[in-house]
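Hi everyone, thanks for making time. I'd like to walk you through a structure; please have a look at it first.

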Amino acid sequence: MGVLSWIRRHLLAFAALAVLALLLVPNVVVAVFSFNDPVGKFNYNWAKFSTDAWAHPCGSPGICESLGLSLRIGVTASLVATVLGTMVALALGRYQFRGRAATNLLIFVPMATPEVVMGSSLLTLFLMLGIPSGALAILIAHIMFCVSFVVVAVKARVATLDPRLEEAAADLGATPAQTFLRVTLPLAAPGIAAGALLAFSLSFDDYIITNFNASPSSITFPMFVWGAAQRGVPVQVNVIGTVVFLAALLFVIAGQVLSNRRQRAV
Amino acid sequence: MAATRTSGDLRLAGLTKEFDTFTAVHPMDLVIPEGSFFALLGPSGCGKTTTLRMVAGLEQPTAGRIHIGDTEITDTKAHQRNVNTVFQSYALFPHMNVLENVEFGLRRRGDKNATVKAKEALELVQLGEVAKKKPAQLSGGMQQRVALARAVVNRPDVLLLDEPLGALDLKLRRQMQIELKRIQQEVGLTFIHVTHDQEEAMTMADTIAVMNAGRIEQLGDPATLYEHPASTFVANFLGQSNLLKVTVTGPARNGEVPVTAYDTALTVAADHVPGDAKEVWLGVRPEKLRMGEHGGPNRLHGTVSDVSFTGVATQYLVRMPWGKELTVVQQNDGSGRARPGEDVTISWAAEHGFALDAAQAADAGVEEEG
């Protein structure tokens with residue numbers, strides 16, 4: 001009886017743990033198999049423990065070049081998209097202008113369009129404009145779809161901000177630029193950071209749109225993994241996958257700690 | 001001395017604000033003397049906040065001019081004006097601590113002593129010990145005082161208060177009213193206080209402008225507005241009034257004008273009657289009416305329909321033979337109380353009545369009071 005009621009009381013915790021486990025098992029498998037020394041080309045069966053891949057993460061030809069390209073595109077695309085998206089979000093959230101409703105609607109189009117459609121139509125566009133397939137084309141495409149996500153993230157934050165705060169800043173003698181830097185930007189920062197991180201991870205793992213617009217000299221990390229999967233996946237893929245997962249985890253935890261501290265201070 | 005005083009007066013000339021569908025502020029002329037505590041009083045939607053926002057530079061007037069002293073500020077932006085506002089929602093910056101909030105204005109104009117001055121301002125509002133806290137950690141009353149310190153510290157030419165006590169509970173509000181008055185006297189700045197609370201305006205302000213539907217109905221000190229309202233709106237919005245429709249029956253004699261109300265002869269002080277009016281509203285404040293005959297020569301007879309005892313006073317509703325109920329408030333001075341159903345005489349002196357043009361609605365300003 002005591003045991004049954006104990007279980008009943010903690011049912012929610014069990015369910016949460018089960019879901020969490022389901023979500024994390026693939027990552028655990030990836031991490032575990034990064035220590036494998038596989039027999040043959042495929043890293044699907046456990047053979048024996050080895051730290052070879054961790055010692056030589058660039059040991060597979062092309063893997064680190066592709067990782068570098070993905071990081072460069074990811075950082076550039078998320079930076080540009082964050083700046084543009086933040087401006088769009090502030091304009092939508094703070095000002096009345098002609099075409100505001102249309103902008104509000106159109107901003108969702110890149111998110112709603114299937115990637116296959118977007119990738120192929122972008123390729124057509126780039127060919128028409130004479131922009132060669134490759135890193136530049138990929139970057140432009142990534143900026144394009146990342147902007148929407150940044151706009152949505154920042155706009156949600158801006159909507160919760162009291163417009164009186166900006167009026168108060170102006171009232172206290174702050175120029176429009178000072179108001180933006182000292183009041184609007186710091187208050188919108190959590191939304192901007194969330195948008196930037198989202199943009200980076202969307203850019204970093206995009207495959208379909210990237211593949212349409214890539215050239216043989218612009219192989220991103222997801223393309224490398226996809227290509228490798230046809231011929232045999234090197235253990236280094238698991239190593240890099242694990243590192244990326246841990247980095248993402250670190251960001252999320254850091255964000256939580258930061259916002260908790262802020263909550264406590266507030 | 002006189003020259004420096006007038007140089008700081010706030011002058012509004014023909015100030016107008018029209019929105020797409022309505023006129024929020026009709027052309028308004030107003031001079032607010034430097035160093036005064038001025039209240040804009042009126043029901044919500046009367047244009048008082050719009051007026052305030054135009055002075056702050058947060059709203060662009062459709063027409064008209066704004067001067068502070070000899071300087072015209074009509075076309076300057078909010079951040080260029082030496083005018084500060086205490087917002088109704090306080091609008092404290094949540095990401096800055098209390099001290100940083102108060103320093104904000106000083107830092108924008110590059111004041112080297114910003115921290116020292118901000119700390120002094122916090123002492124002025126008795127919040128020196130919470131300088132390092134974030135606004136959200138403070139109670140509503142404390143946030144209100146931070147907002148006040150943040151504005152006062154800049155020593156603005158004009159300090160605007162937009163319903164600053166609206167979010168506080170009654171007890172705190174009374175306390176802050178006294179506090180605000182003290183601070184205004186201490187720093188000697190011009191305060192313009194926007195409120196819909198007539199008691200708050202009367203407690204604090206030297207001069208009150210009663211606004212209704214985008215216009216100033218009457219301007220004056222609290223006692224004048226209360227004793228000699230110029231319209232039924234003011235009579236009802238500032239306190240309560242009993243209004244009787246009366247006909248002037250003859251010329252003034254001994255400073256009193258004879259009138260009749262429902263065949264009863266009454267008198268009103270001659271200087272309380274507008275011009276040569278024939279039909280007027282005769283108004284008497286409830287506390288000026290007396291139960292019994294010792295109030296004065298004006299007498300009406302009626303039946304007590306309701307008695308409510310409030311401690312310091314008793315409020316009666318007395319039904320007149322023609323159906324209207326008059327409100328009578330009697331101080332709790334130890335005399336006996338009338339009971340419901342009792343036939344009573346109520347009386348008042350001629351100088352306690354005021355007369356208003358009968359063309360106005362008797363209930364103007366009644367609903368809005370709040």
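This is a predicted model: local features need pLDDT of at least 70, side-chain atom pairs count only at pLDDT 80 or more; totals for chains, interfaces and linings use all residues.

Residues are numbered from 1 along each chain as its sequence is written, chains are lettered from A and ligands numbered from 1 in the order in which they are written, and side-chain values use heavy atoms, with hydrogens and water left out.

Cysteines, then. How many disulfides does a search of the whole structure find over all chains? It finds 1, taking a disulfide as a pair of cysteine sulfur atoms within 2.5 Å. The partners are A:Cys58 and A:Cys64, with sulfur atoms 1.9 Å apart. The torsion about their S-S bond is about -85 degrees, so this disulfide is left-handed.

Now, accessibility: buried means under 20% relative accessible area, exposed over 50%, and partly exposed in between, using a 1.4 Å probe and protein chains only. A:Cys58 is partly exposed at 47%, and A:Cys64 is partly exposed at 24%. By contrast, A:Cys146 is buried at 0%, and B:Cys46 is buried at 1%.

On to chain B. Helices (H or I, at least four residues) and strands (E, at least two) are DSSP runs, numbered from the N terminus, and two strands pair if DSSP finds at least two bridges between them.

Strand 7, residues 158-162, has 5 of its 5 residues buried. B:Val158, B:Leu160 and B:Asp162 cover one side, with B:Leu159 and B:Leu161 on the other. Strand 7 pairs in the parallel sense with strand 6 (residues 83-86) over 4 bridges, where B:Thr85 stands opposite B:Leu160. Strand 7 also pairs in the parallel sense with strand 8 (residues 190-195), over 5 bridges; there B:Val158 stands opposite B:Thr190.

Elsewhere in chain B, 5 strands form an open antiparallel sheet in the order 13-12-11-14-20. Its edge strands, each pairing on one side only, are strand 13 (264-269) and strand 20 (353-357). Within this sheet, strand 11 (residues 242-248) and strand 12 (residues 256-261) pair over 2 bridges, and B:Val248 has B:Val259 as its bridge partner.

Last stop: B:Thr50, in helix 2 (residues 48-56) of chain B. Is this residue buried or exposed? At 14% relative accessible area, B:Thr50 is buried.

Thanks, happy to chat!
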